[in-house]
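The exercises below concern one protein model and are meant to be worked with the coordinates open. Each task is followed by a solution in steps.

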Amino acid sequence: MTRVLLVEDESRLLQGLRVNLEARGYQVDAASDGASALASAASRPPDVAIVDLGLPDIDGVDVILGLRAWGSMSIIVLSARGDEPDKIAALDAGADDFVTKPFGMGELLARIRAAERRADATVAGGAVVETPDFEVDLAAKRIVRGGEVVHLTPTEWHLVEILVSNPGKLVTQQQLLHDVWGPRYEDETNYLRVYMAQIRRKLEPEPTTPRYFFTEPGMGYRFESGTPEA
Ligand code: CA
């Protein structure tokens with residue numbers, strides 16, 4: 001059973017989320033401020049934490065840093081529209097994903113399922129990632145599409161490797177630029193547009209309407225393997 005820690009100070013939203021998650025078989029711990037969230041995580045480490053960034057006592061980003069100390073749980077951030085700098089700070093602090101308020105329950109549940117899949121993939125080692133159109137062998141550094149090996153440049157491969165190793169997870173532009181090009185390139189977002197277009201041409205059935213390599217405008221990129229959700 002997946003244990004979910006909900007951290008949200010709006011009591012009606014907190015109750016609504018709790019009822020919905022419990023109805024779907026999740027074990028739920030609820031906290032209405034940062035201090036109780038950290039205490040709850042310390043005594044009952046969750047598999048997934050859902051954290052509102054605007055809390056009355058501790059800054060949401062500090063809550064994320066604190067939760068990270070208790071293990072490898074998935075952390076999904078809830079934030080208001082227009083809070084891009086806060087979202088990026090939260091992702092840099094170790095959050096895995098975010099949902100923008102107001103959101104539908106269906107969207108949050110999909111994000112939780114993606115977080116659970118990532119946890120499973122981590123346990124399994126995740127050396128080969130299969131999609132309906134191509135297969136990525138992370139250990140052999142090889143991609144096969146329609147029986148043929150796809151040739152990627154080292155830079156293209158590095159980007160694919162980071163995204164595919166984090167299925168369903170938003171990877172920020174800054175993280176990709178930092179990891180692939182280096183610390184002085186974190187503002188060169190045009191590099192990413194160019195390389196992601198090349199990657200889509202090589203791997204996507206319809207490069208202009210991607211089904212695997214998604215753009216989160218202004219934020220980063222996300223890989224989805226396209227396998228149906230359980
Ligand atoms: Ca709030």
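**Exercise 1.** Is glycine 54 buried, partly exposed or exposed?

Solution. The model is predicted, and the values here are computed from it. Glycine 54 has a relative accessible area of 46%. Buried requires under 20% and exposed over 50%, so glycine 54 is partly exposed.

**Exercise 2.** Identify the protein donors of the calcium ion and their spacing along the chain.

Solution. Step 1: the donors are an OD atom of Asp9, an OD atom of Asp52 and the O atom of Gly54. Step 2: these atoms lie 2.2 to 2.4 Å from the ion, and the cut-off for Ca is 3.2 Å. Step 3: along the chain the donors follow the pattern D-x42-D-x1-G.

**Exercise 3.** Classify the ring pair of phenylalanine 134 and phenylalanine 213, and locate both residues.

Solution. Step 1: six aromatic pairs are counted in the model. Step 2: in this pair the ring centres are 6.3 Å apart and the planes meet at 5 degrees. Planes under 30 degrees apart count as stacked, so the pair is stacked. Step 4: relative accessibility is 3% for phenylalanine 134 and 0% for phenylalanine 213, so phenylalanine 134 is buried and phenylalanine 213 is buried. Step 5: ring pairs also join Phe134 and Phe213 with Tyr212 and Phe223 in a cluster.

**Exercise 4.** Classify the ring pair of tryptophan 181 and tyrosine 195.

Solution. Step 1: the centres are 5.3 Å apart and the planes are at 65 degrees, so the pair is edge-to-face. Step 2: tryptophan 181 sits in the loop between helix 7 and helix 8, and tyrosine 195 in helix 8. Step 3: tyrosine 195 has 22% relative accessibility, so tyrosine 195 is partly exposed.

**Exercise 5.** Which residues touch the most other members of the largest nonpolar core, and which element supplies its largest share?

Solution. Step 1: the core holds 25 residues, and Ile143 and Phe213 touch the most other members. Step 2: helix 6 gives the largest share, six residues. Step 3: beyond four places in sequence, the contacts of phenylalanine 213 include Val160, Leu163, Met196 and Ile199. Step 4: a separate core of 24 residues includes Met73, Ile88, Ala90 and Leu170.

Notes. Residues numbered from 1 in each chain as written. Predicted model: local features only at pLDDT ≥ 70, side-chain atom pairs only at ≥ 80, totals over all residues. Heavy atoms only, no water. Core = buried A, V, L, I, M, F, W, Y, C linked by side-chain atoms within 4.5 Å. Buried < 20%, exposed > 50% of the residue type's maximum accessible area, 1.4 Å probe, protein only. Helix = DSSP H or I, 4+ residues; strand = E, 2+ residues; numbered from the N terminus. Contact = heavy atoms within 4.5 Å. Phe/Tyr/Trp six-rings, centres within 6.5 Å; stacked < 30°, edge-to-face > 60°. Donors = N, O, S within 2.8 Å, 3.2 Å for Na, K, Ca; no water.
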